[in-house]
Amino acid sequence: MVPTSYCLSCDRKVEVGADVRRCPVCGAELVQTFDPDGDARAPAARSVLVVDDDEDIRHALRLLFEVEEFEVVGEAANGTDAVWLAASCRPALIVLDYAMPGMTGEQTAVLLRKILPEARIVAFSAILDEKPPWADAYLNKDRIGEIAPLLARLVASGAAAAEAAS
């Protein structure tokens, strides 16, 4: 099976051989959306990718998640790194800051939805005051202590939806 890749630059899905690393249209690097052998890996239900430009926030979130038995599969300081990590780590949950250097949380979420549509995205921001349309849930950074219970609710609602679908 041919791996499907995604071009971050020209915003297109590209089906190319496993040895191709650049977009044939614009030459930008590609992000592979699943393993080269074609086996899509289901993300672990309690796996989390933390995306925030503040290292102290990332560290605090990692500690909170580990205490609550979530598996932090990656940390990113910007949207570009988040997209690459999400493609390789395939988290079930992504905690995404809105205001970061380079791509905003919204721009990052658009790309994350394309390469990992089953992931649940939590907007975690000091700037936003309500859930943005690109997120599955929202939490203000002033309420950081509530993040693990919020993720647990998302995991539970995802499990219930999967059970109802089967």
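Trainee: Where in this predicted model does D54 sit?

Mentor: D54 is in the loop between β4 (47-51) and α1 (55-67).

Trainee: What makes D54 buried, exposed or partly exposed?

Mentor: Its relative accessible area is 35%. Buried means under 20%, exposed over 50%. The value for D54 falls in between, so D54 is partly exposed.

Trainee: Which residues form the negative surface patch?

Mentor: D53, D54, E55 and D56 form it.

Trainee: Now the strands. Why is S125 called buried?

Mentor: Its relative accessibility is 1%. The cut-off is under 20%, so S125 is buried. S125 lies in strand β7 (residues 120-125).

Trainee: What does the side chain of S125 reach?

Mentor: The backbone nitrogen of I127, at 2.9 Å. A polar contact needs N or O atoms within 3.5 Å, so that distance passes.

Trainee: How do you know whether V50 is buried or exposed?

Mentor: V50 has 1% relative accessibility. That is under 20%, therefore V50 is buried. V50 is in strand β4. V50 and A76 are 26 residues apart in sequence, but their C-alpha atoms are 6.3 Å apart in space.

Trainee: On to charges. How many salt bridges does the structure hold?

Mentor: It holds 9. Side chains of opposite charge can pair when their charged atoms come close.

Trainee: Why is the pair D97 and K141 called a salt bridge?

Mentor: The N to O distance is 3.4 Å. The limit is within 4 Å, so the pair qualifies. This pair links distant parts of the chain, 44 residues apart. D97 is in the loop between β6 (93-96) and α3 (105-115), and K141 is in the loop between β8 and α4.

Trainee: What makes those side chains a polar contact too?

Mentor: K141 and D97 are joined at 3.4 Å. The polar limit is within 3.5 Å, so the pair meets that distance as well.

Trainee: Why is K141 called buried?

Mentor: Its relative accessible area is 18%, and the cut-off is under 20%, so K141 is buried. D97 is buried as well.

Trainee: How do you know that R113 and D136 form a salt bridge?

Mentor: Their N to O distance is 3.0 Å, and the limit is within 4 Å, so they do. R113 is in helix α3, D136 is in the loop between β7 and β8, and 23 residues separate them.

Trainee: What classes do R113 and D136 fall into?

Mentor: R113 has a relative accessible area of 26%. D136 has 29%. Buried needs under 20% and exposed over 50%, so R113 and D136 are partly exposed.

Trainee: Why does D136 with R120 count as a salt bridge?

Mentor: The closest N and O atoms are 3.9 Å apart, and the limit is within 4 Å, so the pair passes. R120 is in strand β7, 16 residues from D136. At 24% relative accessibility, R120 is partly exposed.

Key:
Residues are numbered from 1 along each chain as its sequence is written. This is a predicted model: local features need pLDDT of at least 70, side-chain atom pairs count only at pLDDT 80 or more; totals for chains, interfaces and linings use all residues. Side-chain values use heavy atoms; hydrogens and water are left out. Patches are made of residues with over 30% relative accessible area and no salt bridge: like charges are joined within 9 Å, nonpolar side chains (Val, Leu, Ile, Met, Phe, Trp, Tyr) within 5 Å. Accessible areas come from the Shrake-Rupley method with a 1.4 Å probe; for residues, only the protein chains shown count as cover. A salt bridge is a side-chain nitrogen of Lys or Arg within 4 Å of a carboxyl oxygen of Asp or Glu. Lys and Arg count as positive and Asp and Glu as negative; His and the chain ends are not counted. The place of a charge is taken as NZ of Lys, CZ of Arg, CG of Asp or CD of Glu. Helices (H or I, at least four residues) and strands (E, at least two) are DSSP runs, numbered from the N terminus. Buried means under 20% relative accessible area, exposed over 50%, partly exposed in between (1.4 Å probe, protein chains only). A polar contact is a pair of N or O atoms within 3.5 Å; within protein, one must be able to donate a hydrogen and the other to accept it, and residues adjacent in sequence count only if both atoms are side-chain atoms.
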